[in-house]
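Hi everyone, thanks for coming. Could we have the sequence and the structure up on the screen, please? Then I'll walk you through a few spots.

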Amino acid sequence: MSEQVTFCNDLFNRERFETREVIIGKTAIGGKNPIRIQSMTTTDTLDTMGSVEESIRMIDAGCELVRLTAPSKKEAENLRAIKNELVRRGYDTPLVADIHFTPNAAEIAAKLIEKVRVNPGNYADKKKFEEIDYTEASYQAELKRIEEKFTPLVLLCKEHGTAMRIGTNHGSLSDRILSRFGDTPEGMVQSAMEFIDICRKNDYHDLVISMKASNTLVMVQAYRLLVKTMKEQGMNYPLHLGVTEAGDGEDGRIKSAVGIGALLEDGLGDTIRVSLTEDPEFEIPVARKLVQKFQSKPDYKLNYSSKIKLDYFQHNKRLTNPLLNIGGSNTSIVFSDLSKKENIVSTNFFGFGYTYSRQLDKWNISDQAADFVYLGDRSIDFEIPGTLRLIQNYNTWKKYRRPDAYPLCTLEEYRQNKPVGLIFLLLDLDVEINVSELPKEQTVYIIETKKHQKTQIIRKFQHELAESKNQVPIILKLSYELEELEMLQLYASSDAGIHFIDGFADGLWITAPQSLIDLNSLSFGILQATRTRISKTEYISCPSCGRTLFDLQETTAKIRERTSHLKGIKIGIMGCIVNGPGEMADADYGYVGTGPGKINLYKEKTVVKKNVSEKEAVDALIQLIREHGDWIEPNK
């Protein structure tokens with residue numbers, strides 16, 4: 001094990017970071033307990049029966065903790081009625097009160113239910129999006145004021161045996177934290193540690209900690225830094241994992257699996273929520289499938305120690321020598337695979353982003369067009385788009401020698417034939433490889449492993465390349481036999497996401513039983529979620545909750561329908577002022593509920609149109625995008 005490991009037990013063998021056990025009602029989190037699954041109601045917490053019915057649907061789906069919003073004293077007080085009705089119906093699943101701006105609501109909830117969640121950026125701290133130059137004296141004075149505000153809740157939780165989640169969110173860091181640390185993972189960790197220190201000062205330890213963000217790179221780096229900080233200070237509080245505002249459909253599943261999966265891959269995480277802009281009971285099966293990936297025992301034990309120190313606390317793209325459009329400063333590339341097709345025709349290319357018009361004799365290329373297509377031992381006799389390149393098995397390539405085709409060689413084929421020119425070298429990481437003997441010139445490595453647990457094997461190879469100062473570009477090849485598309489989305493996103501977050505891979509090649517369209521969409525989705533290749537509009541859309549002031553699912557669908565062609569634009573769709581504008585911190589435009597039937601529109605963090613009628617708000621959003629020069633007309 002490397003001496004540098006500070007955020008996980010072992011970089012090269014997955015071991016769960018053992019946290020202290022926290023009891024929440026009948027449910028224990030952390031320690032040796034299984035990873036717990038939770039979600040949040042979308043109903044108004046004052047609607048007792050509606051909240052009860054939705055909670056039951058969630059629990060029946062497998063939800064182990066039910067969170068409800070408590071924005072004011074009234075909602076907090078009504079948690080008693082909800083709890084009593086659930087118990088009357090035979091349900092004793094722990095309830096969690098979600099608190100943001102109202103300390104007295106948290107203090108009420110702490111006496112009634114099993115857990116409260118507080119956000120340090122909102123609870124007793126200030127968030128006015130103001131730039132304030134704090135002196136050391138004024139900074140410490142604010143900390144003292146926060147301690148005075150927060151301590152009563154700590155003492156109540158301690159008295160009543162109530163657990164607490166200290167949930168830092170990237171988008172709602174206080175002005176004070178931003179003034180000193182900026183909009184960074186360091187600021188997120190500092191925000192949480194201040195509140196943890198107050199709890200520890202009062203000998204209260206029933207804590208669960210979270211570091212959520214909609215940007216998966218920030219989220220993963222923040223959790224890693226949190227664990228490093230806790231270890232240095234002798235702490236091991238349980239971790240709740242989640243990607244905020246992940247969105248809906250395929251995008252939401254991929255983004256959640258990229259962020260949550262990257263941490264689970266290193267044994268971090270005791271409870272998770274997959275936040276989708278869908279009914280909460282639909283989040284649970286997705287979370288269960290993701291957790292299932294990490295329930296099997298490791299299928300290997302690596303005996304490896306690295307002499308190289310790599311930085312896992314910020315995104316550093318591995319330096320590589322560019323070849324064609326691979327590596328160097330190029331964006332990550334996508335492979336498609338036609339090697340199983342008996343007879344390859346131009347219409348097959350539609351599955352990975354290319355459409356041929358016979359009438360015009362030209363190719364139309366989409367924003368999600370694959371860069372390479374693998375033909376195996378097949379060949380084609382028609383012209384292809386100039387942006388696309390072909391890969392063939394070595395013997396087939398040698399026979400046809402098309403100028404737009406390149407050979408894929410095994411290591412044995414390379415040693416026997418020593419081909420001249422650019423080659424793609426397929427490396428089986430399950431076989432011992434002497435990295436120092438690999439070719440470095442005019443070569444791209446395509447790496448694969450058949451192991452279920454892939455991360456540490458790939459990471460070992462990453463360190464071996466670094467030790468030998470090898471800068472050959474890397475294509476990550478992942479093969480699955482999974483029949484269910486959702487399961488494939490979750491597994492592939494987890495397996496691939498961590499390596500793009502860590503800046504290792506230069507491209508992605510996924511093979512599975514699913515259609516070319518599904519595999520291509522998944523590949524581009526993973527690259528989008530890791531911010532390594534932006535190929536479509538990104539929607540930072542919160543899951544609905546009791547604070548939501550409009551139908552999030554319907555509104556998200558309307559906005560997506562009108563704006564999905566705006567490649568690279570990030571649009572935040574937030575149900576209330578708690579989530580917006582803070583939680584859409586890096587969105588270009590924001591659509592935020594501010595009252596019944598009323599919407600505020602934002603350009604980045606600045607509100608530019610207030611109290612727009614919901615009926616007119618989508619049109620007003622489009623006009624706002626036009627006014628700032630980001631609108632383009634969709635292709636008809």
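Let's start with leucine 422, which touches Leu323, Leu324, Tyr406, Pro407, Gln442, Thr443 and Val444, leaving aside residues up to four places away in sequence. Please keep in mind that this is a predicted model. Where along the chain is leucine 422? Look in the loop between α11, residues 411-417, and β17, residues 423-428. Is leucine 422 buried or exposed? Its relative accessible area is 10%, and buried means under 20%, so leucine 422 counts as buried. One more thing you can check on the screen: from leucine 422 to alanine 405 is 17 residues in sequence, and 9.9 Å in space from C-alpha to C-alpha.

Now two alanines. Alanine 97 sits in strand β5, which covers residues 95-99. With a relative accessible area of 0%, alanine 97 is buried. What does alanine 97 touch, not counting residues up to four places away in sequence? The answer is Leu68, Ala70, Leu79, Ala109, Ile113, Lys115, Val116 and Arg117. If you look for arginine 165, you will find it 68 residues from alanine 97 in sequence and 9.8 Å away in space, C-alpha to C-alpha.

The other alanine is alanine 370, in the loop between β13 (362-365) and β14 (372-376). Alanine 370 is buried, with a relative accessible area of 0%. Setting aside residues up to four places away in sequence, alanine 370 touches Val334, Phe335, Ser336, Phe352, Tyr354, Leu388, Asn520 and Phe524. How many residues separate alanine 370 from glutamine 233 in sequence? The count is 137, and in space the two are 47 Å apart, C-alpha to C-alpha.

Let's move on to helices.

Take α6, residues 185-201, and α7, residues 216-232: they pack at an angle of about 45°, and their axes are 8 Å apart. The two helices α6 and α7 are therefore oblique to each other. Where α6 passes α7, the crossing is right-handed. Who is doing the touching? On the α6 side we have Pro185, Glu186, Met188, Val189 and Met193, and they meet Val218, Gln221, Ala222, Leu225, Leu226 and Thr229 in α7. Sorted by class, this contact of α6 with α7 has eight nonpolar residues, two polar ones and one charged one.

Next, follow α7 to its contact with α8. Their axes come within 9 Å and cross at roughly 20°. That makes α7 and α8 roughly parallel, because angles under 35 degrees count that way. The crossing of α7 and α8 is right-handed. From α7, the contact uses Thr216, Met219, Val220, Tyr223 and Arg224, and from α8 it uses Lys255, Val258, Gly259, Ile260, Ala262 and Leu263. By class, the contact of α7 with α8 has seven nonpolar, two polar and two charged residues.

One more helix: α9, residues 283-292. Why do we call α9 largely enclosed by the rest of the structure? Because seven of its ten residues are buried. Those buried residues are Glu283, Ile284, Val286, Ala287, Lys289, Leu290 and Val291. They pack against β3 (36-40), α1 (48-61), α8 (249-264), β10 (271-272) and α13 (485-501).

Now for some backbone angles. Aspartate 203 has a positive phi of about 55°, although it is not a glycine. You will find aspartate 203 in the loop between α6 and β8 (207-212). Lysine 469, also not a glycine, has a positive phi near 55°. Lysine 469 belongs to the loop between α12 (455-467) and β19 (474-479). Is lysine 469 buried or exposed? At 69% relative accessibility, lysine 469 counts as exposed.

Last stop, the cysteines. A disulfide is a covalent bond between the sulfur atoms of two cysteines.

Terms used. Residues numbered from 1 in each chain as written. Predicted model: local features only at pLDDT ≥ 70, side-chain atom pairs only at ≥ 80, totals over all residues. Heavy atoms only, no water. Axes fitted to C-alpha atoms, helices over the stretch in contact; angles between N-to-C directions. Helix = DSSP H or I, 4+ residues; strand = E, 2+ residues; numbered from the N terminus. Parallel < 35°, antiparallel > 145°, perpendicular 65-115°, else oblique. Left-handed = near helix turned anticlockwise from the far one by under 90°. Contact = heavy atoms within 4.5 Å. Nonpolar A, V, L, I, M, F, W, Y, C, P; charged D, E, K, R; others polar. Buried < 20%, exposed > 50% of the residue type's maximum accessible area, 1.4 Å probe, protein only.
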